[in-house]
Amino acid sequence: MREYYRRNLPLYRRETIGFALFLGWVFCTLFGCGLATHDAAIDGTLTNYNLERIWMVSGLFEGLGGLGGIVAARFAADPARFVRRRAFGAVALACAVAGNVLTWLAWTDRFGAVWAFHVPGGALTGIAVALFAMLWSDRLGSYDEAHVEFAIPLSFTVAFALYFVLLLTKRGSIPFLVLLLAMIALSFWLACRHGGEGRPLAAAARPGPRTHRGLLSFGVLACVSWVQVAFFRVVATPEIMGDRIAHFLIPFTCACVLSLVMLALCLRLSRYLNISLAYRWSLPLFMLSYVPIFIDYGNPTLRLAAYAINFLGMFGVQFGCWLGACKYLRRTGSPALTVFGVYALGEGLGIFAGCLVGLYAVLSLDVKGLMVLSSVLLTAVAFAIMVTGFNPQWVFNRTRDRSERDTPGEPGANGGGPDLDALFEQEARALQATFDLTSRETDVAALLLAGRSRPYIRDELTVSINTVSSHVRSIFSKCGVHSQQELIDLARKGAGTTCEKV
């Protein structure tokens with residue numbers, strides 16, 4: 001694993017920075033008052049929910065952007081080539097720049113028409129979020145599991161740090177606007193470099209025919225999760241405005257730190273990391289977030305605690321969807337326009353619906369009515385996640401049983417040449433006979449001989465990464481080798497005939 005990271009570190013650095021700049025731009029634009037012209041509200045000023053209204057408009061048009069991506073993938077001759085065109089990224093960048101500028105003009109209220117700029121600003125921002133999500137998912141989905149599980153968490157870490165530093169050191173809205181525009185422009189440049197530059201030569205994922213099975217449940221899961229996130233963000237927003245540190249920075253930062261700790265534990269201990277991580281992570285936190293406001297809705301400290309817990313659940317949805325969907329892209333060969341078009345559609349509609357219901361609740365209902373509506377919504381979300389929160393198409397361990405495999409050297413089931421998996425298993429069984437490997441070690445050895453990374457093996461065999469590492473160390477010790485390449489060389493020396501067939 002260390003050899004893999006060291007060999008591809010320059011690539012990781014470039015991809016990580018580019019994706020992190022996009023995430024940081026989203027956080028700073030829609031989860032903070034960075035574009036606002038005021039640094040702190042007058043004491044006693046009630047929350048006006050302007051940022052939540054902008055987010056609601058942004059969500060609606062993010063959903064429309066996702067729908068546009070699905071339609072484009074349906075009719076484009078080559079969806080992958082379509083999303084990799086520089087013009088696609090240029091449209092995303094133009095929407096992002098125009099959205100930021102219009103939102104900033106709305107906050108300044110220089111022309112006395114706040115919502116004349118808030119609505120188009122939020123709309124263009126939402127479209128930009130959808131297009132950039134498709135752009136970056138196409139890049140990240142082309143890499144192997146080790147890259148995905150390294151680059152995405154690191155990108156979120158960098159994005160959290162950017163959000164914290166920029167919001168903490170804000171000195172006026174104009175410099176902040178310039179920094180946001182620079183961030184998204186640099187992200188565009190890194191995402192739209194010429195295809196193939198610096199890509200790792202990883203083992204192919206052997207995708208089958210394009211399939212869109214499991215995407216409907218993926219979209220429903222994204223939608224109901226973001227309904228809950230958006231609704232609770234509005235409901236738990238502190239009623240009395242404070243400075244940006246107390247109102248935005250503290251709860252968001254606390255959630256960031258805790259989410260990174262939880263993600264590190266999931267990467268080490270979880271037996272599989274796929275789309276199901278989104279609900280496995282978020283649903284308990286959604287339930288927990290209601291405890292503070294049920295205790296005392298009028299207590300500002302408890303409202304902030306609920307606000308932070310909701311953000312922690314939101315990060316779980318993002319981690320699960322990005323990690324799982326990028327792996328799904330690689331395993332199935334589905335176009336990013338379709339997969340992340342579905343995600344953007346679900347996320348956008350969920351944000352719009354959640355904000356709409358939340359604004360109605362806080363502006364029209366008393367505390368008792370709000371608690372009743374919150375309980376009903378949470379029950380509906382939990383039920384929807386229970387019904388659609390798991391789909392077997394999300395699971396990656398598609399290895400066939402040995403008894404069902406084709407004879408080594410004969411054409412595979414797809415008729416496209418020898419069954420390479422059977423050849424690798426034959427080599428692994430030869431190592432088992434020579435070095436007394438256990439049955440599970442033989443399974444791991446076959447995947448190592450196929451050039452697979454440890455995260456791939458974890459997903460394939462449904463064991464934790466610690467268990468995989470333990471098996472790998474045992475295999476290396478028994479075989480007297482020190483790396484995956486030495487193991488491959490050892491197996492090839494004892495299987496010259498097999499190698500000629502391959």
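The model is predicted.

Which residues of α14 are buried? They are Leu370, Met371, Ser374, Leu377, Leu378, Val381, Ala382, Ala384, Ile385 and Thr388. Seen down the axis of α14, these buried residues fall within an arc of 160°, so they line one face of the helix. The other side of α14 carries exposed residues: Lys368, Val376, Thr379, Phe383, Met386 and Val387.

## Length of α14

Helix α14 covers residues 367-388, which is 22 residues. At 1.5 Å a residue, α14 should span 32 Å. Its end C-alpha atoms are 31 Å apart, which agrees.

## The α11–α14 pair

The axes of α11 and α14 are 11 Å apart, and the two helices pack at an angle of about 170°. Angles over 145 degrees count as roughly antiparallel, so α11 is roughly antiparallel to α14.

From α11, the residues in contact are Tyr279, Leu283, Phe286, Met287, Tyr290, Ile293 and Phe294. They meet Met371, Ser374, Ser375, Leu378, Ala382 and Ile385 in α14. Among these α14 residues, Met371, Ser374, Leu378, Ala382 and Ile385 are buried.

## The whole protein

The protein has 20 helices and zero strands. Of its 502 residues, 56% are buried. Take the contacts between residues at least 6 apart in sequence: 81% join residues at least 24 apart.

The accessible surface comes to about 20600 Å². Carbon and sulfur atoms account for 64% of that surface.

Notes:
Residues numbered from 1 in each chain as written. Predicted model: local features only at pLDDT ≥ 70, side-chain atom pairs only at ≥ 80, totals over all residues. Heavy atoms only, no water. Helix = DSSP H or I, 4+ residues; strand = E, 2+ residues; numbered from the N terminus. Expected span 1.5 Å × (residues − 1). Buried < 20%, exposed > 50% of the residue type's maximum accessible area, 1.4 Å probe, protein only. Arc of directions from axis to C-beta. Contact = heavy atoms within 4.5 Å. Areas by Shrake-Rupley, 256 points an atom, 1.4 Å probe, with all protein chains shown as cover. Axes fitted to C-alpha atoms, helices over the stretch in contact; angles between N-to-C directions. Parallel < 35°, antiparallel > 145°, perpendicular 65-115°, else oblique.
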